[in-house]
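Reader: Could you walk me through a few spots in this model, with the cut-offs as you go?

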Amino acid sequence: MSLALRKPRWWRGRTAVIGIPYVWLLAFFFAPFLIVFKYSMAEMGAIAPQDVMTVADGVIRLALKYSNYVFIATDDLYFKAYVSSVKYAAITTLCCLFIGYPFAYFMARSRPSLQPTLLMMVMLPFWTSFLLRVYAWKGLLGEGGWVADALTALRIDHLLLAGGMIEALDKYMHTPFSLVVGMTYTYLPFMILPLYANLAKMDLRLLEAAADLGATPWVAFWKVTVPLSKAGIIAGSMLVFIPCIGEFVTPELLGGPETLMIGRVIWDEFFSNNDWPMASTVAVVLVLLIVVPLAVFNKYQAEAQERK
């Protein structure tokens with residue numbers, strides 16, 4: 001009787017805790033990915049892709065079209081779009097880190113009674129529609145916008161022009177500069193929150209020990225604080241970099257012809273060219289470009305932790 005009433009082994013403790021996230025990933029990531037992958041290997045019909053597997057007269061026929069992957073490897077448009085996406089995602093990640101780290105550090109070192117207010121300030125933009133927040137930058141950076149006027153008054157447009165971020169003086173919209181500003185503003189909270197969570201848990205006695213050993217505050221920051229916040233830097237960078245690669249709304253509203261990103265290419269293939277297999281191929285390659293390096297990085301990071 002006791003054996004009959006005992007809970008099944010798979011439902012106990014660690015198995016359930018690990019199994020539920022895996023089931024979630026299988027249902028909402030791996031299964032949709034397989035559907036997209038199937039479309040990428042199919043032939044486009046009049047309205048929708050044809051089935052890759054057909055059954056007729058007792059014979060199962062499997063027709064997999066791999067020419068789309070060959071075409072992506074040989075066409076410069078897709079290569080440039082992937083490189084452009086990685087470039088602007090990396091620039092945005094660095095900008096978010098440069099801005100977000102001091103803010104997260106200030107939050108973590110502020111009074112405990114003030115931290116909830118600062119945390120609310122970081123989360124406050126999420127109360128407004130993402131589309132509205134991005135669209136607002138069109139007015140701020142457009143002709144007559146107060147941000148554009150301030151940049152011109154400070155002669156920052158000369159520096160941006162020299163760096164190739166704008167095409168002409170006092171013209172900020174539909175340029176790499178407006179794209180980076182929009183994406184940095186959008187994804188900055190995703191950098192601040194992991195950094196704050198990491199810095200808030202740091203043992204301040206380590207800084208006191210560094211000071212006792214003769215380290216200046218600046219040296220203690222670089223030798224103690226920054227290395228201990230590496231996990232927060234990596235987490236924040238991943239949370240910013242990954243969605244930036246496939247970004248569509250911000251490049252569409254704020255970017256220009258020279259800021260073509262892979263999200264726009266996928267949109268054009270789906271809705272302008274009505275080529276679902278090609279769009280699915282581009283999406284599959286994009287996922288692989290993100291997942292494979294992350295898997296390799298996590299593998300080596302786990303091995304490094306084991307060696308410690």
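Reader: Leaving aside its neighbours within four places in sequence, which residues is Thr 175 in contact with?

Author: Quick caveats: this is a predicted model, where local features need pLDDT of at least 70, side-chain atom pairs count only at pLDDT 80 or more, and totals for chains, interfaces and linings use all residues. Residues are numbered from 1 along each chain as its sequence is written, and side-chain values use heavy atoms, with hydrogens and water left out. Contact means heavy atoms within 4.5 Å. On that basis, Thr 175 touches Met 165, Ile 166, Glu 167, Leu 254, Gly 255, Gly 256, Glu 258 and Thr 259.

Reader: And where is Thr 175 found?

Author: Helices here are DSSP runs (H or I, at least four residues), numbered from the N terminus. Thr 175 sits in the loop between α8 (156-162) and α9.

Reader: Is Thr 175 buried or exposed?

Author: Buried means under 20% relative accessible area, exposed over 50%, partly exposed in between (1.4 Å probe, protein chains only). Thr 175 has a relative accessible area of 3%, so it counts as buried.

Reader: Which residues of α11 are buried?

Author: Helix α11 covers residues 217-228. Cover for its buried residues includes α4, α9 (176-200), α10 (205-212) and α12. The buried ones are Ala 220, Phe 221, Val 224, Thr 225 and Val 226.

Reader: At roughly what angle do the axes of α4 and α12 cross?

Author: Axes are lines fitted to C-alpha atoms, for helices over the stretch in contact, and angles run from 0 to 180 degrees between N-to-C directions. For α4 (residues 76-109) and α12 (residues 230-245), the axes come within 9 Å and cross at roughly 145°.

Notes: Helix = DSSP H or I, 4+ residues; strand = E, 2+ residues; numbered from the N terminus. Expected span 1.5 Å × (residues − 1).
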